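Hello, and thanks for asking me to look at this model with you. Please keep the structure open while you read, and find each residue as it comes up.

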Amino acid sequence: MNYYQSKNLRALLKKLKATYDAGIGAAPDDYYILYINAETNLVDAFKYIVSYPQYFPNGGHAPEKITVSQGTTTVDGIVFATGFKTYWSTTDKDGLGEYITKIDVSDISFSPTVEDNFFSKPEGAEVLNK
């Protein structure tokens, strides 16, 4: 299923945008917009920009890209994407510009044991319950 297949599909998506405060991380101007399927609660697509200073020493960022999930598989009860297609983002009717790349995901496994603090929140992080 393509992300921008129809207006009806857009109605089935929840949108979440993640940004960073100035001085946070190596590329605080980056942002990510997740398009979450309202029926499955899985990420169907995400838009993002890259502003990493080593790539853009004079400021600015790359044009916005959109990455669309290409199927899923379930491993030990956890749903994983099996691939992604990335396009330059556009503002036209379907939002998908020139095709850039495809990523296939395979050989997925799950390890039920990790260090106790593996998923601990960083100091000063805030947990949101919404």
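The numbered points below go through the sheet, the core, the rings and the charges.

1. A word on the model. This is a predicted model, in which local features need pLDDT of at least 70 and side-chain atom pairs count only at pLDDT 80 or more, while totals for chains, interfaces and linings use all residues. Residues are numbered from 1 along each chain as its sequence is written, and side-chain values use heavy atoms, with hydrogens and water left out.

2. Look for an open sheet of 6 strands in the order 1-2-3-4-7-8, with antiparallel pairing. Strand 1 (13-18) and strand 8 are the edge strands, each pairing on one side only. On average, neighbouring strands of this sheet are turned by 20° against each other, direction ignored. Strands here are DSSP runs (E, at least two residues), numbered from the N terminus, and two of them pair if DSSP finds at least two bridges between them. The angles are taken between axes, which are lines fitted to C-alpha atoms, and run from 0 to 180 degrees between N-to-C directions.

3. Strand 2 and strand 3 are joined in the antiparallel sense over 5 bridges. Which residue of strand 3 is the bridge partner of Tyr35? The partner is Ala45.

4. The core. How many residues make up the largest nonpolar core? There are 10 in all: Leu13, Tyr31, Ile33, Tyr35, Ala45, Ile49, Ile66, Val68, Tyr87 and Leu96. Strand 2 (32-37) and strand 4 are the elements that give two or more residues to this core. A nonpolar core is a set of buried Ala, Val, Leu, Ile, Met, Phe, Trp, Tyr and Cys residues joined through side-chain atoms within 4.5 Å. Buried means under 20% relative accessible area, exposed over 50%, and partly exposed in between (1.4 Å probe, protein chains only).

5. Aromatic rings. Rings of Phe, Tyr and Trp (its six-membered ring) pair if their centres lie within 6.5 Å; planes under 30 degrees apart count as stacked, over 60 as edge-to-face and the rest as tilted. The count comes to 5 aromatic pairs. Phe46 and Tyr48 are a tilted pair because their ring centres are 5.8 Å apart and their planes stand at 35°. Tyr87 and Tyr99, with centres 5.7 Å apart and planes at 65°, are therefore edge-to-face. This second pair links distant parts of the chain, with Tyr87 in strand 7 (residues 83-89) and Tyr99 in strand 8 (residues 96-104), 12 residues apart. Tyr87 is buried at 12% relative accessible area, whereas Tyr99 is partly exposed at 42%. Also look for one aromatic cluster formed by Tyr20, Tyr32, Phe46, Tyr48 and Phe84.

6. Charges. The structure holds 2 salt bridges, a salt bridge being a side-chain nitrogen of Lys or Arg within 4 Å of a carboxyl oxygen of Asp or Glu. In one, Lys47 meets Glu64 (3.8 Å, N to O). Lys47 lies in strand 3 (residues 43-48) and Glu64 in the loop between strand 3 and strand 4 (65-69), 17 residues apart. Is Lys47 buried or exposed? Lys47 is buried, with a relative accessible area of 12%, while Glu64 is partly exposed at 21%. Lys102 and Asp104 form a salt bridge too, their closest N and O atoms being 3.4 Å apart. Here Lys102 is partly exposed at 43%, and Asp104 is exposed at 59%.

Terms used
Helix = DSSP H or I, 4+ residues; strand = E, 2+ residues; numbered from the N terminus.
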